[in-house]
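Please look at the sequence and the model below before reading on.

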2 protein chains.
Amino acid sequence: MTPAQKARLDIREKRHTGTTRGLALGYVQCNLAVVPESVAFELLLYCQRNARACPVLEVCDPGSFEPKQLAPGADLRTDLPKYAVYRNGERLPDVTDLKSLWRSDLVAFLIGSGITFDGALERAGVPTDKHRWVLNSRLPTVPAGRFHGDMVVTMRWLTPEQAIIATQVSSRFPHNHGAPIHIGDPAAIGVDLENPLFGGKVGARPPDMVAVFWACGVTPQEAALRGKIELMITHAPAHGFVTDLEADRFCIP
Amino acid sequence: MTPAQKARLDIREKRHTGTTRGLALGYVQCNLAVVPESVAFELLLYCQRNARACPVLEVCDPGSFEPKQLAPGADLRTDLPKYAVYRNGERLPDVTDLKSLWRSDLVAFLIGSGITFDGALERAGVPTDKHRWVLNSRLPTVPAGRFHGDMVVTMRWLTPEQAIIATQVSSRFPHNHGAPIHIGDPAAIGVDLENPLFGGKVGARPPDMVAVFWACGVTPQEAALRGKIELMITHAPAHGFVTDLEADRFCIP
């Protein structure tokens, strides 16, 4: 059994219930987005138009919960530790599996996640275990149907040297948000450090560090909320799906 | 007026009627695929599942012939020199504009083309003006709805040194087919050199040259033919759409 298969089994059998950050390091992790078939074209178009934030790696056939390309045999209803449920513009309580929510008209999207290049960053000397937040920006996305809104971003404090290396390393992962979208001034892209979506309080800039921002896979969730989509189910933040793809085989050399 | 805008105007006003190869070098060129809205999700899914062959750069809203992101103000009905028309699995005679064929339910896709990195190859010392063919392979694509079939490939004869440089250069253009999919033996990927789709007779391998293969944007046309899609309109081979995007700003550094 590979580390990726073991991680999914541990999650399915509830031995692992926390975040997938750091789990099966070296395997591509994905964000999940599930919508009714009637919304699937709109979402796929939104992702295509905002591929930096929403790089689609696989779309399952309607009703299918098996990602045949990225993890044959896996079950998207059970193989993530926690799911977020959005109905008509409201976030409902999280659930730990989709067995009772699944329907034959649901279409599952797997979207590349920045967690994927954490392993490559670590090997290059860039720490990934702290100084990381998810925040709203005022960078507009390109709308598609009802999906619309601003880009959600991931921010890290890095030294200037780390920022350069992190730019080089993440550029090689265009299917996982790729290079940073901004380095430097949070206000220049409309980021308010006082109100992070996840990651706790940001606090003051550590001495000699710069803010580095990447497009974030939470973007389509915000767009679904704003568009009051009737139903969208996603991974809960940082509770992603571990695929069989080895990250190093997936990047640009 | 930029070279890209001038090229499109020359085409619209019928001053330029031939291939777009070599035209406005340095600007991203796209393949075109237009289908009825009822087929659009299937085609977008087919492209997502076979992104190496069909990297989608823009999808216009239903009925719109203006690619607002890649070339605001352009008109996809007139700004390509020649169009191919496929109906129910048959290729009809080419047309030189879409004015009489356009309908309010048509959805236009712009798909990255390998012509885009010709300029970068030339600057790196790899000639692009000869030894180039489009051929069927037996590499299967991942089907989506009715779209199915094998990958169409572009082949060039290059010296081993040029093959290495061409791999490096094209890797930086993942939205335009990216790196080669094969180097060496045509038979290994089921390519029959006797029957090219375009480019004339292949002939014998020139001494000291190797065959280098890229995924080709003709792939969705073949898939539409096999799937007997009721209507798909595309660019005629090598008669593409010149966008406003500068190729060097679009690639990975």
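Predicted model: local features only at pLDDT ≥ 70, side-chain atom pairs only at ≥ 80, totals over all residues.

With which residue does A:Arg49 form a salt bridge? The partner of A:Arg49 is B:Asp61, and the closest N and O atoms of this salt bridge are 3.2 Å apart.

**Interface of chain A and chain B**

- The rule finds two salt bridges across the interface of chain A and chain B, and one of them joins A:Arg49 to B:Asp61.
- Chain A contributes 17 residues to the contact, and chain B contributes 17 residues.
- About 1600 Å² of area is buried between chain A and chain B, with carbon and sulfur atoms giving 62% of this area.
- Within chain A, the most area is lost to chain B by A:Phe41, A:Gln48 and A:Arg49, which together account for 35% of what that side buries.

**Relation of the two copies**

- The same surface serves both copies, since 100% of the contact residues of chain A recur in chain B.

**Aromatic pairs**

- Over all chains, a search of the whole structure finds nine aromatic pairs.
- The centres of the B:Phe117 and B:Phe173 rings are 5.8 Å apart and their planes stand at 50°, so this pair counts as tilted.
- This pair links distant parts of the chain, as its two residues are 56 residues apart.
- B:Phe117 lies in the loop between strand E5 (106–112) and helix H3 (118–123) of chain B, whereas B:Phe173 lies in the loop between helix H4 (160–171) and strand E8 (182–184) of chain B.
- B:Phe117 is buried, with a relative accessible area of 2%, and B:Phe173 is buried with a relative accessible area of 2%.
- In chain A, one aromatic cluster is formed by A:Phe117, A:Phe173 and A:Trp214.

**Charges over rings**

- A:Trp214, a member of that cluster, has the charged end of A:Arg156 over its ring, 5.6 Å from the ring centre.
- In chain B, the charged end of B:Arg77 sits over the ring of B:Phe65, 3.6 Å from the centre of that ring.

Definitions and conventions
Residues numbered from 1 in each chain as written. Chains lettered and ligands numbered in written order. Heavy atoms only, no water. Contact = heavy atoms within 4.5 Å. Phe/Tyr/Trp six-rings, centres within 6.5 Å; stacked < 30°, edge-to-face > 60°. Helix = DSSP H or I, 4+ residues; strand = E, 2+ residues; numbered from the N terminus. Buried < 20%, exposed > 50% of the residue type's maximum accessible area, 1.4 Å probe, protein only. Lys NZ or Arg CZ within 6 Å of the ring centre and 35° of its normal. Buried area = accessible area lost by both parts, 1.4 Å probe. Salt bridge = Lys/Arg side-chain N within 4 Å of Asp/Glu carboxyl O.
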